[in-house]
Amino acid sequence: MNAADLIAEFLLRLGVRHAFGVGGANIEDLFAAVQRRRPRLTAVLCKHEHAAGTAADAYARLSGGLGVVLVTSGGGAMNLVHALAEARASRVPLLALVGEPPIAQQGHGAFQDTSGQGGSIDAYSIFHALTPDCIRIREPRELLAWLAHVGSIPIADWTGPRVLLLAKDIQRAEIVPPPCFFERVHARARRAAASPMTELVRLLAQPPVTVIAGAEVARQGAQTELARLVRRLDARVTVAPDARDAFANDDPRFAGVVGAMGHASATRALAEARSILLVGTRLPVLERLGLEACLSDKNVACLGREAPFVECSSWIDCGGNLAAELGALCAELAPAPAAGSEPASARSATPPAASSLAARPSSALDSRTALELLAGSVPEGATVLVDAGNAGASAVHYLRAPRRGRWLLAMGMAGMGYSYGAAIGAAFATGRRVFVVSGDGAFFMHGLEVHTAVEHDLPITYLVLDNAAHGMCLVREQLLLGESSGYNVFRRSRLGAGLAAMFPGLTAFDCCSAEQLEQALAQCRELAGPCLLSVRLPEVEVPPFAAFERARALGVTSVARGNERQRAEPMRAENKRAQSRRAQSSGAGR
Ligand SMILES: Cc1ncc(C[n+]2csc(CCOP(=O)(O)OP(=O)(O)O)c2C)c(N)n1
């Protein structure tokens, strides 16, 4: 077999069923090897390498397995940088297979040369800066050694992406794997839990306990073990913004989201606790904003794969074994209170406010109303993908995670547009409906990936909160800088009408009122494939974000769109002058 076939077989042994990518001369052999294994292994063509990378990222986060992305050299490789940075920052197990020109041509003017030779750019240096696990294969036997090494590491123990740079002739080289080569590849082996729990048990014996659950909980499939532990501790639960799926949002013990986009009820639950248990989170700044003072006088303990960013009396490094460690901790604690009794912890927990739609004028359309209407259409087991900006902050605050579903927010890079590629990976990983919530700015960055959803008739509902602005930046400019220069606003567009015309097969709407959105959602509920709802927001709202709390407390709910007309007028005049100059000079040359 050739090296490309060997890699495709290797992926199959790792449990990979879909690989995402964009083709090109230097990666076509790998694409072909993957496609030859359909339907066991299928290549999904994305429209941009960033989307392919984020599709693989979401596929890994949601399946608990490995995400795989295939790109060519040159622009293809460079387009992958952002997605790999997110996977690295969020510790997502992802394998990037990056093609390079044939070795003999490298440094001699090869097409899309990324070898670093002969004055070309060096893809190795770039990817190595993103992940220590980057290797350029120079000979086929190096590939065998690398695959044997990587294949022996359980996916649960990967702490980020790995990059394999493969020249085209290496992909085509004949390789004979040693006997039993594939038998040694581990897909998901897990180590047994063996950590000493004594200190943790002692700390947690001091009630009341409040848990802060992070994204690792759902990614490691540890929700059931967490729920059992919480009952055993009679604890309350708060979650990180990217971890709404760690614990049932309608459980009486649930006290809301912590941090910058979070709920006052979560802060209260933590303030009232004597002991705080971090589970699967390191508590970075956006998660601990507003909690620093409260954390400083508590017993803080942590179960997670990396040391927390906050002072902690006890940290158990559970690697990829969070579920097992939670189970072990539970077993060491005193028995739970009698079933059916009201959780003591829930008595003073106020669940995050859910507004009454009836209390609002029926046609008013703001982010909160739109999200509450969307919530009625999100079934159990669905996945919600939340993008950046005001849209993301509002979704974190107002939208609940679906029961037994998943919730994804790329906090590693917080890069706009993550959700468009990720939705493709999510749909393939779960086979269930995926809901994307994004701003129009994020749509303009990566929204054409909707075409991939149309291509595969994927069950994805896109909700674009269209305020014709980079809303979050506009609010910052006005409320934090005290300026209003207008550069953050755009001209209005009609995404629904435009996309429906552009992509036959896509059901798409522009919704200007709550009634229109309700009707559109009702139609979308009948669909098996993709649909897009562009919600026209008349104002740029001040989002539920800690930095703007003071303004919101003063009743400032939106900001002016700035002086874009004044800014645009001189530009239009300048354009007209330039046009007439061009017309004159081309006339003069005739
Ligand atoms: C790739 C990337 N570039 C820039 C930013 C900085 N940024 C954060 S929010 C935002 C504006 C988001 O606009 P939009 O998607 O329309 O959402 P809105 O805030 O209007 O709801 C920008 C530019 C970012 N997060 N990611």
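Which backbone N or O atom lies 2.9 Å from an oxygen atom of the ligand? It belongs to Ala-391. This is a predicted model, where local features need pLDDT of at least 70, side-chain atom pairs count only at pLDDT 80 or more, and totals for chains, interfaces and linings use all residues. Residues are numbered from 1 along each chain as its sequence is written, and side-chain values use heavy atoms, with hydrogens and water left out.

View 1. A polar contact here is a pair of N or O atoms within 3.5 Å. Asp-440 places a polar side-chain atom 3.0 Å from a ligand oxygen atom. Met-472 has a polar backbone atom 2.9 Å from an oxygen atom of the ligand. Alone, the ligand exposes 590 Å², and the protein buries 77% of that (Shrake-Rupley method, 1.4 Å probe).

**View 2. The shell around the ligand.** The ligand is surrounded by 17 residues (a heavy atom within 4 Å). Among the closest are Asn-390, Gly-441 and Gly-471. By class, the shell holds 8 nonpolar, 8 polar and 1 charged residues; Gly counts as polar. Helix 19 gives the most, with 4. Helices are DSSP runs (H or I, at least four residues).

**View 3. The largest nonpolar core.** This core has 80 residues. Its members are buried and joined through side-chain atoms within 4.5 Å; buried means under 20% relative accessible area. Leu-533 is one of those with the most contacts inside the core. Beyond its neighbours within four places in sequence, Leu-533 is in contact with residues including Tyr-462, Phe-509 and Leu-517 (heavy atoms within 4.5 Å).

Methods
Buried < 20%, exposed > 50% of the residue type's maximum accessible area, 1.4 Å probe, protein only. Polar contact = N/O pair within 3.5 Å; in protein donor to acceptor, adjacent residues only side chain to side chain. Helix = DSSP H or I, 4+ residues; strand = E, 2+ residues; numbered from the N terminus.
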